[in-house]
Structure formats: structure tokens, C-alpha cells
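I opened the notebook on a two-chain model and wanted to see how the chains meet. My entries follow.

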Amino acid sequence: MQDPLQTALRIGASGLEAQSRRLRVVTENLANAQSTGKTPGSDPYTRKVVTFENELDEAMDANVVKVASIERHRSPYRLEHNPGHPAADQNGYVKMPNVDIMAEVADMHEANRSYEANLQVIKQAREMISMTIDMMRNG
Amino acid sequence: MLDPISAPVRSTAIGTGPDTGLALRGASPAASAETPVDFGSFLAQMAADTANTLRAGEATAIAGINGQVSTQKVVEAVMATEQTLQSAIAIRDKVVSAFLELSRMSI
């Protein structure tokens, strides 16, 4: 049987991995919040969203988390009147990315908090393992 | 506790691992010479496993410094290495003190 504390470490590590990929996608969305197309009427950058799923790790008999997919968000693009822009259509409207900066920042904070929570679990499991080993040393 | 930012620093510190690993492996044949074969081979096996974990940890740490592996992976490997080393040292100390106890026994 696998040591439950070691399993906790591995699951926590999978959480760290998943949350860092989420942060990566948020960064991409924020960085491209103003990225338009190049030709008239072309589509701008599309906001991406991360979906998570649980995955059974056979060796440990535990559910770890992993990023299921990184999808394009289906909300409509914002239209901005800017006739001189290279991507403006015949009416002078430019399609702007469907990125909502406030939502992205909120998502970033959530990723941060989740990351912290996973780190705390890892810290705790490690401390418990160390305490047990120390008992062999001093006891 | 390791923090991701200091992981490369820590991993270079763990880079002194081979010495400890070798010392452990060097210690085990001496121990097995005095003990029954099965317990000795168990010790040798344990020391070899420890050395392998140390080597894997170092390889991951070096890959992390080169930027090929994520920080989380490096920290995980280095922490696993540290813990293996800690428990190996604790068990070795116990075994050594047991031998000392035996050698102090009046004949």
C-alpha cells in the first residue's frame, strides 16, 4: 500500500501544476486584451478558459487534478468604433477581444489562493513525515 | 520548507548529495560483513535505493536549473531526496548504535 502522506504530496503537486497552468492562461488573456486582427473585419484574440478534471492515478489509487483542456471562450467580441484601424470593417467597427480584465484578475487571484492551499497541504504532509522520522532519531 | 524561488539554490546545496550517497554505500558493506547475510543485503538494498533517489533528485534539479523542468517538479524531487536522506540517516544511526551496544557487551 502506498504511504498516504506521500500520496498527499503527489496530489498537492498535481494541484500546483494545474493552478500554474491556469495562471499561464490568465496571463495570456491579460496580455492579449488589446490584440486585434490585422485585416478588415478579421477576428481578434479569443479569450481562453481552462477546465480541470480529476484523473485516477492507478499507482497511488488517488484522484489527482489535471488540466482537461484549454478552450476558446464563446462570448461575443466587443465592437469599437475606430475607422482608421487596419482591422476596421466598412462601417468603421473593430472587433476587440472578448477579454474582461476584471474577470481575469479575479481568476488570477483564485488561482493564487488555490496554489497557496495546495502548498499548505504539501507543507503539512511534509511536516508530518519529518516529525515521524524525527521520532526514530530521538525516541 | 522549500520555497520555489530558492529551489535552485537549495538544489545546488543538495548537489553535495553524491558524497553522502557514496558514504552510505561505503558504509553498508562494512555493516553487512558483520551481520547475517539477509539483514546485510537488506541494508545494502536500502542504501542503493537511497543513492538512486538522490541521483534522480539531482538529475531533476539540474534539469530545472537548465529550465527543462517546472519549478514544482524540481522542488518535489529535491524534497523527496531530502526526506529519503533524512530517513536513511536516521535508520543508519539506529543500526550503528545497535552495533555499538553489541560491541560493548561484556564477553
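Predicted model: local features only at pLDDT ≥ 70, side-chain atom pairs only at ≥ 80, totals over all residues.

Entry 1. I looked up the buried area for chain B and chain A. About 1400 Å² is buried between them. Of that area, 54% lies on carbon and sulfur atoms. I then listed the contacts: 13 residues of chain B touch 17 residues of chain A.

Entry 2. How many salt bridges does the rule find across the interface of chain B and chain A? I got three. I wrote down one pair, B:Lys73 with A:Glu17, whose side chains meet at 3.5 Å, N to O. By class, the side of chain B that touches chain A has four nonpolar, five polar and four charged residues.

Entry 3. I turned to the helices. Helix 2 of chain A (residues 101–138) packs with helix 4 of chain B (residues 71–104). The angle is about 10 degrees, and the axes are 9 Å apart. Angles under 35 degrees count as roughly parallel, so I logged helix 2 of chain A and helix 4 of chain B as roughly parallel to each other.

Entry 4. I checked which residues form this helix contact. From helix 2 of chain A I noted, among others, A:Tyr115, A:Ile122, A:Arg126 and A:Met136. From helix 4 of chain B the list includes B:Gln72, B:Met79, B:Glu82 and B:Lys94. By class, the contact of the two helices has eight nonpolar, five polar and four charged residues.

Note on methods: Residues numbered from 1 in each chain as written. Chains lettered and ligands numbered in written order. Heavy atoms only, no water. Contact = heavy atoms within 4.5 Å. Buried area = accessible area lost by both parts, 1.4 Å probe. Salt bridge = Lys/Arg side-chain N within 4 Å of Asp/Glu carboxyl O. Nonpolar A, V, L, I, M, F, W, Y, C, P; charged D, E, K, R; others polar. Axes fitted to C-alpha atoms, helices over the stretch in contact; angles between N-to-C directions. Helix = DSSP H or I, 4+ residues; strand = E, 2+ residues; numbered from the N terminus. Parallel < 35°, antiparallel > 145°, perpendicular 65-115°, else oblique.
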